[in-house]
Amino acid sequence: MKAIKLAVAAAIALSYGSAYAFHSGGVAECNGCHTMHGSFEGVQVDQEENPVAMPYLTTGPYLLKASDQSSACLNCHSGPTLSGYHVLTWPLPAVGAAPVNFTPGGDFAWLTKSYSWEVRTNTFEESKGERKGHNVVAADFGLLADTTLTVAPGGTYPRESLHCSSCHDPHGKYRVLEDGSIVDGKTTSKPIIGSGSYQTSKTPTTWGAVGAYRILAGAGYEPKSTTGFPFANTVPVAVARATYNVKESDTVINRVAYGSGMSEWCANCHAGIHLNEAYVSGQPGLRHPAGNDAKLPDFVIANYGSYVKSGDLSGALATSYNTLTPFEEGTSDLAVLKAIQATVGNKAGPIAGEANVSCMSCHRAHATGFDSMLRFPLSADYMTAADAAGLPTLGDPTSAPGTDNVKVAMGRTNVELSAALYGRTAASFAPFQRAMCNKCHVKD
Amino acid sequence: MSVGFRQIAVAAIAVAWATAAFGAPVAGAAPRKPTRFLHSLTSMTGPLTTSGASVAFDPRSKELLVVAEGLVHVFNPSGVLVHRFGQDDDLRRIRAVTALDAASGDYAVLADGESGPELVRCDYRGTRLGAIALENVPAEVGPFAPDSVAFVGGRLYLGDESHRRVVVIDVTGRYERWFDLERAIGTGTEKGYVEPSVRGLQVDPRGNILFVVPPLFRAFVVAPDGSVRSFGTKGDTPGRFNVVVAITSDDLGRIYVVDVLRCAISVWDPELRFVEQFGFRGFGPGGLVTPGSIVAGDGKVFVSQGRDRGVSVFQPGEG
């Protein structure tokens, strides 16, 4: 039967055909987040006590249109379907169902996904939801403070104060100038002319700047709600594809061209677990290096290029990039990063002497399907099991206790495990695939 | 007792707001009776505490169907939980439900199948009667993964908000037609990175497809003949949209639009003229926190919320 073609007047399309880019790299419309007159002469208008007064203007803290800072963000950045700007699947996915967003930072709904599985009869292992990401407090959406870690690991930032605005400057004051320097609005008179996060973003001019990557906060930043923890390091440099909330597959990836400074920026809160100095193999007491100076040594470059999966070192450097194990390009030049992103799914591998390991090489910024907000599972011997024909599988949470199928599944359905791997199936891996640390280290 | 400037100012603002919200009073006309809060849905052990549930109305029995955590919760016309299904292997992780014909008393549900969403017919107990497989869907429909279902006029409307499509089938699964909502919206992205995400897809008893597009601050009504009407303007005051996430209509053709940012519901007449607004951000009776799914039926409006606040029931205004 012939499909019904909708009658759409051109005038309608023209009148509202432009989708809305709210932040545009800087401060957005004030009333998108705040209600201006939720108070009157310094007194909060309270609907319950004073029902005749302005009921639609009742406010949360800081005149926000939500119970807290993160809830204000999630009013827009949440939803039931994959959408460019959604970072939380809402309503929260049911038991056995997976979050639906695949932004590079990850879907905060993973924070609500807890699992347990029987590694031996009557012996259980557990994966708590709160271990899967940054536990931002968003009470309206059921996201609560971490119950275990009272402060940021490697730092002192308090759990009760962890909001989206702890990392992102909601007013987007940090900006990239024509010379590549990143400053806040106090140190320049140049306005922000648009987002600087995308391959399609504008280029800074002599008179205008572009917004810092993802309106992240830079040096000196302190959210108004939590002072005493000023950022020491500035915003990282990176460029994403304009369409960045994309489910990957066994063959297609959604790359972020991470440039530089990500690890240093993470160290604003996690300084104690960060090491950017020269790493001396064999010396005790050190941490895995990450940072602008943590260049990938030649043997790691060679490993990265050749590693395909456990037991398969047939890869080529030119097509070796894996978003489960990304690296920084080692540049703060937006033009270079945009050039990388000019090719959809660019799989070019690391360049010797330039690429470096970063926090993002193993972790995602928001949340993931795995403990420690890792990009890949590390709590099982294997990432995959095998069927009778020797083909890789993602296990089966309903198998008998102690079997490889149960250990690989880690309580997750195949749908959840595939989503945690950003749409990959078992076919991306070898049967009995070992952890993705081996992409760089090849010990398997 | 003297009346201070502040009281006068508050009263003046209140009158101004009321005029904006309810319209200017007409001499000689009976005052409009505004929408009022009735109660919250409850079980025998206390109020329903779901967050972000989706709601559907069963006109056969005047029951409300609440889908939360993969289960269907059935509430009687008094708002009390009477039944729940979906917790066994017959139906896994139910995402949406609709009441089928009165004669059978059955439901159609969208649940997780082995390889994606599965449309299943089940009886009133939730016992699986069989899958409804889509047949003869033309290739031009493109990728399709339904996340909503509605039974209207003897047909099943399957909605896919991600791909912005509605496919209409008969109760056996045979394809009849499809609607391309992207064409209805009139796409085009100013900066190339925000797609027109569709929210709150519903089909009213007259076969109109209703949905909202938050980034455009607009609500859409697609009639059975394919004609499109839309309305909405960005703003904070009653009759304008901040972040709209859901939409429904009642038996009289009035349309209700949920604004999650303002925690308010705007009401529009069948000609898409603003009538009134109800709800406010608050935790007391009639207050709303993170309002989402909405449905109307039996002279009531049901609004689902976040923060474990379940579902609130309102009586629409009159006049």
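Trainee: What is the accessible surface of chain B, and how much of it belongs to carbon and sulfur atoms?

Mentor: About 12,800 Å², with 54% belonging to carbon and sulfur atoms. Those areas come from the Shrake-Rupley method with a 1.4 Å probe, and for residues only the protein chains shown count as cover. Bear in mind that this is a predicted model: local features need pLDDT of at least 70, side-chain atom pairs count only at pLDDT 80 or more, and totals for chains, interfaces and linings use all residues. Residues are numbered from 1 along each chain as its sequence is written, chains are lettered from A and ligands numbered from 1 in the order in which they are written, and side-chain values use heavy atoms, with hydrogens and water left out.

Trainee: How many disulfides does the structure hold?

Mentor: Zero, over all chains. A disulfide here is a pair of cysteine sulfur atoms within 2.5 Å. Take A:Cys167: the nearest cysteine sulfur, in A:Cys269, is 6.1 Å away, and A:Cys167 is in no disulfide.

Trainee: What makes A:Cys437 partly exposed?

Mentor: Its relative accessibility is 33%. Buried means under 20% relative accessible area, exposed means over 50%, and partly exposed is in between (1.4 Å probe, protein chains only). So A:Cys437, at 33%, counts as partly exposed, and A:Cys167, at 22%, is partly exposed too.

Trainee: Why is strand S12 of chain B called largely enclosed?

Mentor: Because four of its five residues, 148-152, are buried, the rest of the structure largely encloses S12(B). Strands here are DSSP runs (E, at least two residues), helices are H or I runs of at least four, and both are numbered from the N terminus.

Trainee: How do you know that S12(B) pairs with S13(B)?

Mentor: Two strands pair if DSSP finds at least two bridges between them. Five bridges join S12(B) to S13(B), residues 155-160, and the two run antiparallel. One of the partners to look up is B:Gly159 in S13(B), which bridges to B:Ser148. In the hairpin, two residues sit between the strands, and B:Gly153 takes a positive phi near 60°.

Trainee: Over in chain A, what makes S8 and S9 edge strands?

Mentor: The open sheet has the order S8-S7-S9, with antiparallel pairing. S8 (182-183) and S9 (210-211) each pair on one side only. S7(A), residues 175-176, has two bridges to S9(A), with A:Val176 partnered by A:Val210.
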